[in-house]
Amino acid sequence: MKVLVLVAHPNFEGSRVNQRWAQELEAHENVTVHNLYQVYPDGAIDVAREQQLLLDHDRIVLQFPLYWYSTPSLLKKWQDDVLQYGFAYGSEGNKLNGKDFVVAISTGGPAEAYQAGGYNQYTLSELLRPLQATANLIGARYLPIFSFSGLMAVTDEQIEDSAKRYAAHILGEY
Ligand SMILES: Cc1cc2nc3c(=O)[nH]c(=O)nc-3n(C[C@H](O)[C@H](O)[C@H](O)COP(=O)(O)O)c2cc1C
């Protein structure tokens with residue numbers, strides 16, 4: 001199984017968790033880590049290159065810090081540009097059928113904030129519905145999300161532990 005990890009972090013150099021996660025996965029065979037903000041600092045996405053990367057891999061991971069309950073803007077642009085009619089959807093747009101689709105996110109807010117009655121009211125699965133619906137539309141298999149919350153208060157040891165759990169989650173059987 002070949003795994004493509006699309007990392008979308010506007011301030012990757014200043015990241016604690018997403019940088020560590022990317023480093024952990026880079027060490028694995030059959031994993032391609034593709035850092036969108038580093039590859040496209042001007043935001044001009046090479047659509048043909050991105051589509052070829054998708055075709056060449058079996059499991060697609062979207063890894064990002066939660067920004068305003070959603071993806072950072074370049075990852076939204078990536079969806080708009082790359083998931084084209086006739087490629088990802090439409091009567092002949094079946095190129096991503098059967099691929100695995102996994103979302104991996106870090107959040108500043110603590111885990112207990114993401115529940116009914118909590119500070120943010122909604123679960124992460126609820127907030128990520130547009131990505132789940134997109135996976136459904138393109139005929140991909142939506143796997144359980146991986147999340148790590150409370151980044152304002154975590155220790156380096158907890159980040160190390162999350163990196164190991166992240167790799168196990170991303171490379172696991174479903
Ligand atoms: C513009 C912006 C928006 C953010 N929005 C949210 C949010 O909606 N919910 C949340 O829990 N954290 C939010 N955060 C915090 C980030 O998710 C958090 O800093 C990040 O996950 C930490 O990961 P890192 O160590 O890889 O940078 C936001 C941060 C920024 C800069």
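Which strands and helices do the buried residues of H1 pack against? The legends below take this up first and then move to other close-up views.

This is a predicted model, in which local features need pLDDT of at least 70 and side-chain atom pairs count only at pLDDT 80 or more, whereas totals for chains, interfaces and linings use all residues. Residues are numbered from 1 along each chain as its sequence is written, and side-chain values use heavy atoms, with hydrogens and water left out.

**View 1. Helix H1 and its surroundings.** The buried residues of H1 pack against E1, strand E2 (31-35), E3, E4, strand E6 (146-149) and helix H7 (156-170); helices (H or I, at least four residues) and strands (E, at least two) are DSSP runs numbered from the N terminus. Buried stands for under 20% relative accessible area, exposed for over 50%, and partly exposed for values in between, with a 1.4 Å probe and protein chains only. Because 7 of the 10 residues of H1 are buried, this helix is largely enclosed by the rest of the structure. The buried residues are Val-17, Asn-18, Arg-20, Trp-21, Ala-22, Glu-24 and Leu-25. Arg-20 counts as buried because its relative accessibility is 13%. Leaving aside neighbours within four places in sequence, Arg-20 is in contact (heavy atoms within 4.5 Å) with Ile-159, Glu-160, Ala-163 and Lys-164.

**View 2. The shell around the ligand.** The ligand is surrounded by 16 residues, of which the closest are His-9, Ser-15, Asn-18, Ser-106 and Tyr-114; a residue belongs here if one of its heavy atoms lies within 4 Å of the ligand. Helix H1 (17-26) and E4 each supply at least two residues of this shell. By residue class, the shell divides into 8 nonpolar, 7 polar and 1 charged, where Ala, Val, Leu, Ile, Met, Phe, Trp, Tyr, Cys and Pro count as nonpolar, Asp, Glu, Lys and Arg as charged, and the others, Gly among them, as polar.

View 3. An oxygen atom of the ligand is 2.7 Å from an N or O atom in the side chain of Asn-18, and an oxygen atom of the ligand is 2.8 Å from a polar backbone atom of Arg-16. A nitrogen atom of the ligand lies 2.8 Å from a backbone N or O atom of Trp-68. Taken alone the ligand exposes 640 Å², and the protein buries 71% of that, with accessible areas from the Shrake-Rupley method and a 1.4 Å probe; for residues, only the protein chains shown count as cover.

View 4. Trp-68 counts as exposed because its relative accessibility is 80%, whereas Tyr-69, at 37% relative accessibility, counts as partly exposed.

View 5. The buried residues of helix H6 (residues 129-137) are Leu-131, Thr-134 and Ala-135. They cover an arc of only 100° around the axis, which puts them on the same side of H6; the arc is that of the directions from the helix axis to the C-beta atoms. On the other side of H6, Pro-130, Asn-136 and Leu-137 are exposed. The buried residues of H6 pack against strand E3 (59-65), helix H4 (73-82), strand E4 (100-107) and strand E5 (141-142). In H4, the buried residues are Leu-74, Leu-75, Trp-78, Gln-79, Asp-81 and Val-82, and their cover includes strand E1 (3-7), helix H2 (36-39), helix H3 (47-55), E3 and H6.

**View 6. Lys-99 in the loop between H4 and E4.** Lys-99 lies in this loop and is buried, with a relative accessible area of 12%. Not counting residues up to four places away in sequence, Lys-99 touches Leu-54, Leu-55, His-57, Asp-58, Ile-60, Gly-139, Ala-140 and Arg-141. A polar atom of the Lys-99 side chain lies 3.3 Å from the backbone oxygen of Leu-54.

Conventions. Polar contact = N/O pair within 3.5 Å; in protein donor to acceptor, adjacent residues only side chain to side chain.
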